[in-house]
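Visitor: I have a model open and would like to learn how to read it. Could you walk me through its features?

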Amino acid sequence: MKTYSATPAEIEKPWILIDAEGIVLGRLASIVATRLRGKHKATFTPHMDMGDNVVIINADKVQLTGKKRDEHYYWHTGYPGGIKSRTKRQILSGKHPERVVLQAVKRMLPSNRLSRKQFTNLRVYSGNEHPHEAQMPTVLNVKTMNTKNVRG
């Protein structure tokens, strides 16, 4: 028996819409990372871009548990003494709250060329509006996937 390997002609990339309002950030990021890689499909091939196109709305209303709102994101400007930081609370209340979701999903993907290509299939919007109505995205209800009664 031979191992199945998908070809580019066999790959289907449907559009998925996720409403992030009231969903815990880590649980949302793990589901989105799985969808972007395509690991939820029976025809998953590790070296191919099998993932779906994912649109996330209401990223500014994502939930953070415990003291995670006060965790810092650090970066360096390249100059001596140029270390900078911002808390997740500041980013969520600032100009670009969708960056918290983007960073969480990016860190759940592997660090290689293929995952950087797969990451371009993710679109995150802080409001309720998105410009992808023409693609007719299927709504994925993540809230029902994250209840304590449903595990699997």
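Predicted model: local features only at pLDDT ≥ 70, side-chain atom pairs only at ≥ 80, totals over all residues.

Guide: Residues are numbered from 1 along each chain as its sequence is written, and side-chain values use heavy atoms, with hydrogens and water left out.

Visitor: How many helices and strands does the protein chain have?

Guide: Helices (H or I, at least four residues) and strands (E, at least two) are DSSP runs, numbered from the N terminus. The protein chain has five helices and six strands. Their order from the N terminus is β-α-β-β-β-α-α-α-β-β-α. The C-alpha atoms fill a box of roughly 60 × 40 × 35 Å along the principal axes.

Visitor: What is the strand order in the open sheet?

Guide: Strands of a sheet pair through backbone hydrogen bonds, either parallel or antiparallel. Two strands count as paired if DSSP finds at least two bridges between them. Here, four strands form an open sheet in the order 5-2-1-6, with parallel pairing. Strand 5 (122-124) and strand 6 (138-139) stand at the edges with a single partner strand each, so one side of each lacks a neighbour in the sheet. Strand 1 (residues 15-19) and strand 2 pair in the parallel sense over five bridges. Ile18 has Ile56 in strand 2 as its bridge partner, and Asp19 stands opposite Ile57.

Visitor: Which residues point each way from strand 2?

Guide: In a regular strand the side chains alternate between the two faces of the sheet. In strand 2, Asn53, Val55 and Ile57 point one way, and Val54 and Ile56 the other. Buried means under 20% relative accessible area, exposed over 50%, and partly exposed in between (1.4 Å probe, protein chains only). Five of the five residues in strand 2 (residues 53-57) are buried. Across the protein chain, buried residues make up 38% of the 152 residues.

Visitor: What lies across the strands?

Guide: Angles run from 0 to 180 degrees between N-to-C directions, with axes fitted to C-alpha atoms, for helices over the stretch in contact. Helix 1 lies across strand 1, strand 2 and strand 5, at about 155° to strand 2. Helix 3 packs on the sheet too, touching strand 2 and strand 5, and makes about 155° with strand 5.

Visitor: At what angle do helix 1 and helix 3 pack?

Guide: Helix 1 (residues 25-37) and helix 3 (residues 98-108) pack at about 55°, with axes 8 Å apart. Contact means heavy atoms within 4.5 Å. By class, the contact has eleven nonpolar, two polar and no charged residues. Ala, Val, Leu, Ile, Met, Phe, Trp, Tyr, Cys and Pro count as nonpolar, Asp, Glu, Lys and Arg as charged, and the others, Gly among them, as polar.

Visitor: Where does His132 lie?

Guide: His132 is in the loop between strand 5 and strand 6. Its relative accessibility is 11%, so His132 counts as buried. Leaving aside neighbours within four places in sequence, His132 contacts Trp15, Val55, Arg123, Tyr125 and Pro137. The C-alpha atoms of His132 and Leu17 are 9.4 Å apart, although 115 residues separate them along the chain.
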